Amino acid sequence: MNYENTATFATLKDTEDPLRSYRERFHLPIKKDGTPHIYLCGNSLGLQSKSTRQYIEQELLDWEKLGVEGHFHARNPWMPYHEFLTKAMANVVGAKPEEVVVMNTLSVNLHLMMVSFYQPDNERFKIVIESDAFPSDRYAVESQIRFHGHDPREALLEIRPREGEELVRMEDLEALIEREGNQIALIMLGGVNYYTGQVFDFKKITSLGQAHGCKVGFDLAHAAGNLDLQLHDSGMDFAVWCTYKYLNSGPGSLGGCFVHERHARADLPRFAGWWGHNKTTRFNMRHDFDPIPGAEGWQLSNPPILSLAAIRASLDIFEEVGMKKLNEKSSLLTGYMEFLLDEIQNENIRIITPRDPSQRGCQLSIQVKNANKLLFEKITEKGVIADWREPDVIRVAPVPLYNSYMDVFEFVEILKASL
Ligand SMILES: *Cc1c(COP(=O)(O)O)cnc(C)c1O
């Protein structure tokens, strides 16, 4: 698209946007003067859809009227409630329904997956992560290494950008896997790096890792609902994600988990709970654990229905729109932001996110010279909701479901005026 740096252009693009009506279906946070903020933080906490309240109220109402009977007699019976989400969630991440389950939260699921997919011995015990992995992932990985009696100083392999660069080079990751492959038990990377916005080639990394006998898993917190994922085809062993970022299901809502179908019936070690047990005999309260084949077999507890209801409200919108259309708009909208930022030509800011649209989602990370947080504070004061990540980055995510070209235009105008 030939972009133009004018409000008229932004307005025109909004009028032509096939997804323009979706903005109306979300609550935009409101400033003191009654007008909406420019919300560019859907990568941190997605907005509430206007239908969310109704989905949750339905369950409150059935609980009110039915008590425990709601497990079977609610309009949406609670016993199988998580199953109502499976198909739509599988579509969002490009998986088969048996490969996906909504349960727990991201870090919990990451531990459960490592219990099954990190089985170190004395030869093969290393885990590859990004040097700037999300802190929770690092804590989880290090604690698993220690739990198995190994030392993170030896077992944790960090893939880092070269000196003076921000992004990891694929050839460096390849070299690391070639060099250490027979000692690597698990490769566990972020799907979209939360700091730089860099997206890895899942399929390539997976085949390379698996060719060396490593298990491969991804943390898709910033990828689910953002990228056109094809988890099944990628062949990765597992993935985990949360639903409160691009999937708009509310603070602390439940996470998603993918286990490739090749492990569906595998006798993997796992930490078990009753919700992962064969559904037909679950309530016989038998002694031996008989796991449900597929991702559902990793469930522990009966899930919080109110949170599932919020996720369902969101997934119904994703089903309606489809990831394909979202991705089309996403790359145009983010491309527009990139174009406008480039026009500023100010040496105090620089985009560190990859320029290649296939190596990023909707987020752009803007590095600020001398880590000057004042700039971030100024744009915040002027009504932009974005986020600052130490040491020196402002992250902005124009989300195709509810952000407009005008949001992008106004944001860049505000940034320019604040420099
Ligand atoms: C948001 C995020 C998390 C958060 O984990 P929770 O268990 O949901 O608190 C973990 N990892 C990454 C990469 C994230 O972006």
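The count comes to 16 aromatic pairs, where rings of Phe, Tyr and Trp (its six-membered ring) pair if their centres lie within 6.5 Å; planes under 30 degrees apart count as stacked, over 60 as edge-to-face and the rest as tilted. This is a predicted model, in which local features need pLDDT of at least 70, side-chain atom pairs count only at pLDDT 80 or more, and totals for chains, interfaces and linings use all residues. Residues are numbered from 1 along each chain as its sequence is written, and side-chain values use heavy atoms, with hydrogens and water left out.

Phe117 and Phe238 are stacked because their ring centres are 5.3 Å apart and their planes stand at 25°. Phe117 belongs to helix H5 (residues 106-117) and Phe238 to strand S7 (residues 238-242), so the pair ties together parts 121 residues apart in sequence. Helices (H or I, at least four residues) and strands (E, at least two) are DSSP runs, numbered from the N terminus.

Phe134 and Tyr194 are edge-to-face, since their ring centres are 5.2 Å apart and their planes stand at 85°. Phe134 is in the loop between strand S3 (126-130) and helix H6 (135-147), and Tyr194 in the loop between strand S5 (184-190) and helix H9 (202-211), 60 residues apart.

Burial is classed by relative accessible area: buried means under 20%, exposed over 50%, partly exposed in between (1.4 Å probe, protein chains only).

| Residue | Relative accessible area | Class |
|---|---|---|
| Phe117 | 2% | buried |
| Phe238 | 0% | buried |
| Phe134 | 32% | partly exposed |
| Tyr194 | 15% | buried |

One aromatic cluster is formed by Tyr3, Phe9, Tyr336, Phe339 and Tyr405.
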